[in-house]
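Please keep the sequence and the 3D view at hand while reading.

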Amino acid sequence: MMIADLVDQEDFCSLLESIGISVKSDWTSEQCAQAAIDWRCINDNPDAAAKLNRIINELKQKESLLLPEVKAALNMLLLHNSR
């Protein structure tokens with residue numbers, strides 16, 4: 001039997017913090033995603049975009065392991081990234 005390492009809100013917040021996005025521990029995944037969107041707008045440079053895109057791609061690769069709230073946050077990031 002294979003045991004999957006599910007990606008929860010804490011994992012999502014840690015990923016965002018690892019690239020310098022400030023989030024609070026009591027925020028929802030959607031609030032953290034909005035913070036990432038805001039951070040990306042404020043840091044309008046290729047390096048910031050690349051860092052956030054790396055996280056988005058990492059989450060997309062693990063999509064089947066994302067808890068619903070993290071999947072919703074990923075969808076927010078994808079929607080904003082496509083604009």
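The buried residues of α1 are covered by elements that include α2, α3 and α4. Here a helix is a DSSP run (H or I) of at least four residues, numbered from the N terminus, and buried means under 20% relative accessible area, exposed over 50%, and partly exposed in between, with a 1.4 Å probe and protein chains only. The model is predicted: local features need pLDDT of at least 70, side-chain atom pairs count only at pLDDT 80 or more, and totals for chains, interfaces and linings use all residues. Residues are numbered from 1 along each chain as its sequence is written, and side-chain values use heavy atoms, leaving out hydrogens and water.

**Helix α1**

- The buried residues of α1 are F12, C13, L15 and L16.
- They lie on the same side of α1, because they cover an arc of only 155° around the axis; the arc is that of the directions from the helix axis to the C-beta atoms.
- E10 and S18, on the other side of α1, are exposed.
- D8 caps the N-terminal end of α1, with a side-chain oxygen 3.2 Å from the backbone nitrogen of E10. A polar contact is a pair of N or O atoms within 3.5 Å; within protein, one must be able to donate a hydrogen and the other to accept it, and residues adjacent in sequence count only if both atoms are side-chain atoms.
- Just after α1, G20 has a positive phi of about 100°.

**The nonpolar core**

- The largest nonpolar core has 24 residues, and F12, L16, I21, V23, L52, L59 and L77 have the most contacts inside it. Such a core is a set of buried Ala, Val, Leu, Ile, Met, Phe, Trp, Tyr and Cys residues joined through side-chain atoms within 4.5 Å.
- Two or more residues of this core come from each of α1 (9-18), α2 (29-42), α3 (46-61) and α4 (68-81), and α2 gives the most, with six residues.
- Leaving aside neighbours within four places in sequence, L16 is in contact (heavy atoms within 4.5 Å) with I21, V23, C32, A33, A36, L52 and I55.

**Helix α3**

- The buried residues of α3 are A48, A49, L52, I55, I56 and L59.
- Seen down the axis of α3, these buried residues fall within an arc of 130°, so they line one face of the helix.
- P46 and Q61 are exposed on the other side of α3.
- The cover over the buried residues of α3 includes α1, α2 and α4.
- At the start of α3, a side-chain oxygen of N45 comes to within 3.0 Å of the backbone nitrogen of D47.
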